[in-house]
Amino acid sequence: MPRPRPRPRPRPRLGSRTGSRLGALLAAVVLAAAAAGCATPQPTRITPQPGATGSALPPSTATPDPSPSPAFPVTLVDDEGTEVDIPAEPERIVSLTPATTEILFALGVGDRIVGRVEDITLFPPEAGPIPEVAGFGTVNVEAIVGLEPDLVIAGGNFFTPPDGIERLRSVGLTVLVVYAPDVDTVFADIELTGRAVGRGDEALALADAIRVEFDAVAAATADLERPRVFYELDATGAIYGPADESFLAEMIALAGGDPITTGSPDAFEIPLERLIEADPEVILLGDAAYGVAAEAVAARAGWNVMTAVRDGAIRPTEDVIITRPGPRLGEGLRSLALAIHPDLDLPAEGGG
Amino acid sequence: MTAASAGFGAARARTRRSLLREGARRHPRALFGAVVGTLAVLVVLAVGFGTVSIAPETTVAIVLHRVLGLETGATWSAASETIVWDLRIPRVLTAAMVGAALAVAGATFQGLLRNPLADPYVLGTASGAALGAAVALLIPVRIVVVEFGLVHAFAFVGALIAITVVYRLSRLSAWSGMTSLLLTGYAVGSLLAAGLAMAMYLSGATLRQIFAFLLGGFEAATWPRLAIALPLVVIGTAGILWRARVLNGLMLGEEAAAHLGVDVRRERAILLALGSLVTAAAVAVSGLIGFVGLVVPHVVRLVVGPSARVVLPLSIVVGACLLVLADLGARLLGDIPVGVVSALVGAPFFLFLLRRAQSGYEL
Amino acid sequence: MTDFVATAPPPIVEFRSVTLAYGRREIVRSADLSIAPGERVALVGPNGAGKSTLLRALTGLLAPAAGQVEVDGHDVADFDRAALARRIAVVPQLAVLPFSARVEEIVALGRLPHEDPIRGPRPADRAAVAEAVDRVGLGRLLGRDARELSLGERQLVLVALAIAQSAPIVVLDEPTVHLDLRHQVEVMELLVDLNARDGTTVLAVLHDLNLAARYFPRVLVLADGRIAADGPPADVLTAARIRDVFGVDPRILWGAPWSAVPADR
């Protein structure tokens, strides 16, 4: 009824209603917190049983262990700064990032992986049969717990949901979080992973091998002019490219290019105008795997003014090896350098 | 079967159904007992099923051991025990609690606002909680007190702030109480939703987490979180149950309620506070799960009539059943969002009931 | 032996120089009114005269800008709502239902002021509801959804609600507005019955002067915020007064009591 009605004369009340309401609320919360602190049952902790589950592998005789000091127990600091205690060499590992899966296989412990994250561009193929226990942005805590792992390697920067990591740790699992925002950290992560699984020396060797490849590319591109390179991640809606100071931008720079970036470290979108103004000399199609072809790019409205389009310098790349912070990064850098400088003179692959 | 006898058969079927409905209406206690029994069965089923298959005997043995300290001679791995006791049971119990809370809050708001389309979120609580959670996720600080993180606390506080603002603003308007509340709730809710959209736009990598909160779910259910939210829900629900009489009185309108002895202004504030408390606690632990708060009270009313004395307790147990079932379904279907499953399960059932309702259910 | 002086019973409702206003707009000016227990009073007047406002003041929904409104000798403002509801039962014009409800469930609402908050309706409450239903003759409507009923039947349900309230005063706000002839008569007869058998004080705001004259021994005429006349219908509803208050030129036929009784009684 829209007609204004005067209120009845207020009867004396016991003080502000809202005040007493909030007060009761506060009391309830405090009481509840106190009760929770006293009464919650402790979560069961899973104690890893070294050698109790799975087959105990005899120590490898192919490469005698040169280091005299015992590798375990060890306390490592992961990429989030958390100290992680690993009491014994892990026999059952869950890998929650595709790069970690590759690293573990490269280190020769691929057969210890009992669960892995979903990966469309799976590598190596031997990883196929391993059960998937996580997807992009989701993690199946129950499945992981059911696998009884003694080490879980998760992805930082929200790759693995932080809630999931917390949950896994709260039930007593050992979780190591890796996150490589730049190339140097990739090497550090390979070494970290190696130490975590008792393959420290192999990891150092792997990292060195990748460094050799990086050095080779650096040497080959040292005196070359650096073309302006735009690395397209996706252009179905807005145009996505490398952010400022990102991993991808660093890779492009190392490959002898001058990366065109979005203008801010947090933005991944680049407005078309900015791209036209930046005028790339080379356009690399990171989305080539999704069927984006050079002719389609050249036909896009407004793109024909770019040097790269006029010169026909639109080339596909295998995005996975360039952006995955794993053992194939050296190969990735090579392919990136060749995409930027097609006539690049690089020694044959394989060194170290 | 001739047309006549077919018609007669249909009439007999209708009579049987209506007898069932009459029976339910006249014996609400028996119906309550039946639903509680169903809830118990559902809880057991939900704890027994999951991604990892654990034998039912093992599940029972684990529960008996943890709860009563009984040794049954069965053995199980530490992993099984963790899964059953630390993962599944808190999750199922949280689902039951949230279902109960949302259903009773929905019934309360529907009775209070005399609007069959009201749900627990109608007065801005949803937008307030979501914005609170988004703000918490965007703050680069992680504070956790007894596993109740910043997100949960901010969601809780955000919901309550929203409803307080709505209540205060609605008092200033010239419209009568409930209409004013609804309209103000809509306006404030829209404002907060705009704020949320902005936060999501600026959020970058955190967007997925904010979105996960919005979709709602029980993956993060833990014993400590349950222990904090449960007393709030229990207190709020008890307060509401105590006021069933008031909700009944409001059925014919505010003036009629006043004539029947209801102190409308005071009761409106109290019921709002209790309903919001319960909703905020539910949203804080499980995000925004829709559908339950709106439809469960209607389903209950279709069976037992509008008296709050019966509708409130039944809504509590039916809501709990629905969400436990929905969570089980969500888990078995590959961890899809609970809100999706509850709507998929509940909506057809509701439509079925509507069709069968003897007297057309008009709004 | 002491002689007991017979005194008139104290008024059950009393308005003393009551002024009622919405903001600065005065609706009722300095009204004086006294109703004894067991009276049957009709309140008539043109639209906007303040009849509904007067009722609001009586039921405590509107505080007087001046003067006192008293029920049973106590100021209305001093009653808590439930206590007042046990004294006064109100029959509104019509009520809108947001949910479907059965007739008996609506009538049961009348017991709210008496109900125990925890235990709910007790046998005494159920008996009162059954009696009210019986009295109003709603037996054949039991179990029906109230929203399916005709307007007349719905009004009867609201009257039954008020009867179930077991209050000594029953106030009705234009109860016959939407009713057909038969239901108008039914309601009026009910009021007479309530008044005669239970001694319930009845105050009804009516727009129909004929009904007022026929069924109420006392008629109050409210015009322009003042009580223009107060007394038996023959004295109050004169041609002059009606012309004055309502602006209509009436033809009054006294001595031809118009009476329509439902055929199935």
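Because the model is predicted, local features are given only where pLDDT is at least 70 and side-chain atom pairs only at pLDDT 80 or more, while totals for chains, interfaces and linings use all residues. Residues are numbered from 1 along each chain as its sequence is written, and chains are lettered from A and ligands numbered from 1 in the order in which they are written.

Confidence comes first. Residues 1-24 of chain A fall below 50, with 16 contacts in the model beyond near neighbours in sequence. Residues 32-64 of chain A also stay under 50, and there the model has 44 contacts beyond four places in sequence. A contact here means two residues whose C-beta atoms, placed from the backbone, lie within 7 Å.

Chain A is assigned domain 1 (74-198) and domain 2 (225-340), with bounds that come from an automatic or database domain assignment. Their centres, taken over C-alpha atoms, sit 30 Å apart. Where they touch, domain 1 of chain A puts in 12 residues and domain 2 of chain A puts in 11. On the domain 1 side, α2 (98-106) and α5 (183-196) of chain A each supply at least two residues, and α2(A) gives the most, with five. Helices (H or I, at least four residues) and strands (E, at least two) are DSSP runs, numbered from the N terminus. That side of domain 1 splits into eight nonpolar, one polar and three charged residues. For this count, Ala, Val, Leu, Ile, Met, Phe, Trp, Tyr, Cys and Pro are nonpolar, Asp, Glu, Lys and Arg are charged, and the others, Gly among them, are polar.

Chain A also holds an open sheet of four strands in the order β10-β9-β11-β12, with parallel pairing. Two strands pair if DSSP finds at least two bridges between them. β10 (258-259) and β12 (314-316) of chain A are the edge strands, each pairing on one side only. Strand β9 (residues 228-232) of chain A runs parallel to β10(A) over two bridges, and A:V229 has A:P259 in β10(A) as its bridge partner.

Chains B and C meet through 26 residues from each chain. On the chain C side, helix α2 (residues 81-87) of chain C brings the largest share, four residues. That side divides into 16 nonpolar, three polar and seven charged residues.

Chain B has 15 helices and two strands. Of its 363 residues, 54% are buried, that is, 20 or more other C-beta atoms lie within 10 Å of their own, C-beta atoms being placed from the backbone (12 or fewer is exposed, in between is partly exposed). B:A155, in helix α6 (residues 150-171) of chain B, counts as buried because it has 30 C-beta neighbours inside 10 Å. Beyond four places in sequence, B:A155 touches B:A129, B:G132, B:A133, B:V283 and B:A284.

Methods
pLDDT is the predictor's confidence in each residue, from 0 to 100.
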